[in-house]
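This report describes the chain interface and the charged side-chain pairs of the structure shown below.

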There are 2 protein chains.
Amino acid sequence: MERRKFIKTAGVGAAGTVAATTLAMPAIAQSQPKIRWRITSSFPKSLDTIYGGGETFAKAISEMTDGNFTAQVFAAGEIVPGLEAANAVTNGTVEACHTCSYYYVGKDPTFALGSVVPFGLNTRHLNAWLRTGGNDLLDEFYAQHNFIGLPCGGTGAQMGGWWRKEINSLDDLKGVKMRIAGLAGQTMAKLGVVPQQIAGGDIYPSLEKGVIDAAEWIGPYDDHKLGFYQVAKNYMYPGWWEGSLNVHLFVNKTKWDELPAGYKAAAKGAAAIANETMLAKYDAQNPKALREIVAAGVKLKPFPRDVMEAAYKASQEIYADLYTKNPAFKKIHENQVAFRNEEVLWFRVAELPFDSFMAQMQSRG
Amino acid sequence: MERRKFIKTAGVGAAGTVAATTLAMPAIAQSQPKIRWRITSSFPKSLDTIYGGGETFAKAISEMTDGNFTAQVFAAGEIVPGLEAANAVTNGTVEACHTCSYYYVGKDPTFALGSVVPFGLNTRHLNAWLRTGGNDLLDEFYAQHNFIGLPCGGTGAQMGGWWRKEINSLDDLKGVKMRIAGLAGQTMAKLGVVPQQIAGGDIYPSLEKGVIDAAEWIGPYDDHKLGFYQVAKNYMYPGWWEGSLNVHLFVNKTKWDELPAGYKAAAKGAAAIANETMLAKYDAQNPKALREIVAAGVKLKPFPRDVMEAAYKASQEIYADLYTKNPAFKKIHENQVAFRNEEVLWFRVAELPFDSFMAQMQSRG
């Protein structure tokens, strides 16, 4: 600053402390405005870990901004039904929602790629893909629906569901009525399963009464809570349609663009905390629940090899078909598959041999 | 508030706008004070991914606080040598350091438990343990050294190092001079290896001249950068002494306690971002580097079964011995092992069968 100008400015300051103070206020107000968001969750409060991801985000963002930027989480159904959460963000009913992208495959199958698809990425691979370009590809797609997505939670690999009768071969799948949705349901249909769409709260009575023969949900911690072990005695693995699950915070694009830069950064940090916390909780809580499920007389059973191979082949046919119809799906899925192939190659060298050896040592006791 | 009191207070405000404004300022100043940290890194800038974890933290914390809380990262050697980073935090030379806890096993073997130990937790398990009580146990221990730890990066499972001659059985380890430190070096010593302490920059020439016969470093991305493939042609796996690696941000306890609550929350968010980003980058970058290493004529070789079993046994002996001498190590390691055993059990059901099937499909092409 020129000396003359400095003196002049300093003079104003010295003569006008009140004015200077008043001038300083808007800058502060601008960077830390009071912002209140409503986050509609796709989950009920009873599923504390997955629902809790929204709460973890809300707590962190408030703490980071000294309570200036707060978010209130509403359980599924309080504002809109769980499976309409993204629509409420698109049309601005709420600023954000905590949901799974694949709930919206009915609008466009491309949504599945933000969560997980059959024989897709595992959790490490999905997290790496999302953070090295994958989420940017998703955001390009989500822009058509007027929101952006922040990865905000994960479950790890899921289980292959609850089956009333034993599945020992591909033939045993024929005619089985199973509660399973989306691309997983389409894949199962190719194997002879009759997929059923049933809301979370109705699964238990449907399975109990034999209206359905099988149902998939999440993994031991949540499945144990819902009590499925009481009405179906075969718990299959792995959930090849959910080798991972990413949960997103979708934020209305206008509301996101309006945020000051500092709040955007804080939201990303809060989402990262929620992401790590949810996965850590699932990983820490699943083993005990699994022990309790087994103690209740449930048989843990791997899917037979012919089922795994037929399902893999069926999923490839579904992707090939989607490629001819849906350029967005093709673009993002091809990117994911190329990434996955590289990751699986590397994990065959470092991670899998380590994990396999540790599993052997553990089974030996 | 009583009506009488309210009127009185309001009166002060109405009559004294200047005073009210002046009174409001300290509250804002208190919650967003200007803070400048120096973070000394244990890593050179050339190892961009692991060093970059400190930079990612610094960028995020500054963005979250509108530039009011900033941190400058200094490469190893700029303020103190890389392996003295924690000491500089203990004595308050710097506010924080970005380092690996196990670099300080010379002070106390308990430090190893903050990074990884031979046949310890894999990355998912370590992240889950740290976030569900493990890091609190570490903080109790770190308090003796006047700092707290924020998990701030990871590498995933590492490789088993570069070997000039082929290792086909346990006998081949006898007399091998290997650059390997800490508990891993002690384990190797029980197998007949002669562990050597050599600084990062001296490994390549030592391996080239045959001063050492083997050296371990990190994984394909970093190892490729350092060019080890030019002077040793056997690249072993898995790095059973580093089935994961957690990198910490250690913060001087007084400096941490002085932070306003909002800055503590922001620091946790910035560390979570750094944690996810570093792992994602390693996962995304390792496959290409591995391809280049193999293309340069390097043999990828699994450790022979007898080496793995003998190493596992040797590590258990080391832990049993430490238990008799070091209550802090015993307390935290027992907690880790109990956690690991539960995790490995659960991963045998959901994660491993999924990953193994995907690996089979990938190897089939």
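## Interface and salt bridges

Chain B and chain A bury between them an area of about 6,900 Å², with carbon and sulfur atoms giving 67% of it. The model is a predicted one. The contact involves 77 residues of chain B and 78 residues of chain A.

Chain A has 365 residues, of which 57% count as buried. Its secondary structure comprises 13 helices and eleven strands, and its C-alpha atoms fill a box of roughly 90 × 45 × 40 Å along the principal axes. Among the contacts in chain A with a separation of 6 or more, 79% come from residues 24 or more positions apart. The chain exposes about 14,200 Å², and carbon and sulfur atoms supply 55% of that area. Chain A carries 38 positive and 36 negative charges, whose mean positions are 4 Å apart.

Side chains of opposite charge can pair when their charged atoms come close.

| Salt bridge | Closest N and O atoms |
|---|---|
| A:Glu166 and A:Lys299 | 2.4 Å |
| B:Arg131 and A:Glu276 | 2.7 Å |
| B:Arg179 and B:Glu216 | 3.5 Å |

The salt bridge of A:Glu166 with A:Lys299 links distant parts of the chain, 133 residues apart: A:Glu166 is in the loop between strands E5 and E6 of chain A, and A:Lys299 is in strand E11. A:Glu166 is partly exposed at 30% relative accessibility, and A:Lys299 is partly exposed at 42%.

B:Arg131 forms its salt bridge with A:Glu276. B:Arg131 lies in helix H5 of chain B (residues 123-142) and A:Glu276 in helix H10 of chain A (residues 261-295), so this pair joins two chains. B:Arg131 counts as partly exposed at 23% relative accessibility, whereas A:Glu276 is buried with a relative accessible area of 14%.

Within chain B, B:Arg179 pairs with B:Glu216. These residues are 37 residues apart, with B:Arg179 in strand E6 and B:Glu216 in the loop between strand E8 and helix H8. B:Arg179 is buried at 15% relative accessibility, and B:Glu216 is buried at 9%.

A network of salt bridges links A:Arg124, A:Glu351 and B:Asp283. A:Glu351 is placed in helix H13 of chain A, residues 351-364, and is buried, with a relative accessible area of 4%. Leaving aside residues up to four places away in sequence, A:Glu351 touches A:Arg124, B:Gly156, B:Ala157 and B:Gly243.

Notes. Residues numbered from 1 in each chain as written. Chains lettered and ligands numbered in written order. Predicted model: local features only at pLDDT ≥ 70, side-chain atom pairs only at ≥ 80, totals over all residues. Heavy atoms only, no water. Helix = DSSP H or I, 4+ residues; strand = E, 2+ residues; numbered from the N terminus. Buried < 20%, exposed > 50% of the residue type's maximum accessible area, 1.4 Å probe, protein only. Contact = heavy atoms within 4.5 Å. Areas by Shrake-Rupley, 256 points an atom, 1.4 Å probe, with all protein chains shown as cover. Lys, Arg positive; Asp, Glu negative; His and termini not counted. Charge placed at Lys NZ, Arg CZ, Asp CG, Glu CD. Buried area = accessible area lost by both parts, 1.4 Å probe. Salt bridge = Lys/Arg side-chain N within 4 Å of Asp/Glu carboxyl O.
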